[in-house]
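Me: Could you take a close look at one helix-helix contact for me? I'd like the geometry and the residues, then a word on the aromatic rings.

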Amino acid sequence: MQNEQEDRGGTQGFPLKPVLALLTSMVALALGTSLAKQLFPLIGAQGTTTLRLGFSALVLLLATRTWRHRLPRQDWWVVLRYGVTLGVMNLMFYMAIRTIPFGVAVAIEFCGPLAVALFSSRRRIDYLWIACAVAGLLLLLPIRGAAGSLDPAGVLFALAAATCWAGYIIFGKRTQHLHAGRTVALGVATGALVVAPVGLVHAGTSLFAPQVLLVGLGAAVLSSAIPMFLEMKALRGLQAGTYGVMTSLEPALTATIAFVTLGESLTWAQWGAIVLTVVAAMGSALTGQRP
């Protein structure tokens, strides 16, 4: 009981430590992606995705020692779909942030899990969150100049990433009977193998330059290994609703970090779209709680 109280942040009932762990996880993810973006001029988004997934897979495979455990043959197809979706999702997201702001891309990508959460529900209040998400998306789509200077190709890549994120959630649920850590390691490794040919063709030998490999390793640790570890720690002391509310802040958090680290400033319409996305995600998390 004492350990449980400590995990939840003490005897007062507020889960301080798990909340701080989750916030640190989101900050590390944003910083890692900002660092990875520094490689775009050298090896492109394709090469950067390859390095990020490749190093992440290596770290996770070593941490979980997946090779010591045999995966049942009938589960290989389940893990394969999960991994392919994960790999394509990362590639589409990195392709998006080549030409559109980081925070905007995250807001668009959030439409994927929001769609899974909202369209599987039949409650009237959810229509309000759907309206917020749609309104935010309309502010960002390049329709009649509503999105300002947003690149249409970048928006399409972000929408493709959102679609992949929805598939990642659906396929991920079908791996729940498997060991979580080893499944993630195999999924990331599969995604790395899927993306690797694209990255190698685009970047060529530049992919193996020492300084590029060093930055790629740092980005992988910051954006994958550290967030996954902290998120697992946070989940031990957070309820599902609290976790959903916290993660709904990610678009605004990433936009702020991108402004500080990359100098990416947003228009008022883009900030409005991010706020609407946060409201939709937070509302869905709060009203979706069960006793």
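Reply: The crossing of α6 and α13 is left-handed (the near helix is turned anticlockwise from the far one by less than a right angle; clockwise would be right-handed). This is a predicted model, where local features need pLDDT of at least 70 and side-chain atom pairs pLDDT 80 or more, while totals for chains, interfaces and linings use all residues. Numbering runs from 1 along each chain as its sequence is written, and side-chain values use heavy atoms, without hydrogens or water.

Helix α6 covers residues 111-119 and helix α13 residues 268-287 (DSSP runs of H or I, at least four residues, numbered from the N terminus). Their axes, lines fitted to C-alpha atoms over the stretch in contact, sit 10 Å apart at an angle of about 40°.

On the α6 side, Leu114, Ala117 and Leu118 touch Thr277, Ala280, Ala281 and Ser284 of α13 (heavy atoms within 4.5 Å). Sorted by type, the contact has five nonpolar residues, two polar and no charged.

As for rings, there are five aromatic pairs in the structure (centres within 6.5 Å). One of them, Tyr82 with Tyr168, is stacked, at 5.1 Å centre to centre and 20° between the planes (stacked means under 30 degrees, edge-to-face over 60, tilted the rest). Tyr82 belongs to helix α4 (residues 76-96) and Tyr168 to helix α8 (residues 152-173), so the pair ties together parts 86 residues apart in sequence. Elsewhere, ring pairs join Phe40, Phe93, Tyr94 and Phe102 into a cluster.

Methods: Rings of Phe, Tyr and Trp (its six-membered ring) pair if their centres lie within 6.5 Å; planes under 30 degrees apart count as stacked, over 60 as edge-to-face and the rest as tilted. Helices (H or I, at least four residues) and strands (E, at least two) are DSSP runs, numbered from the N terminus. Axes are lines fitted to C-alpha atoms, for helices over the stretch in contact, and angles run from 0 to 180 degrees between N-to-C directions. Ala, Val, Leu, Ile, Met, Phe, Trp, Tyr, Cys and Pro count as nonpolar, Asp, Glu, Lys and Arg as charged, and the others, Gly among them, as polar.
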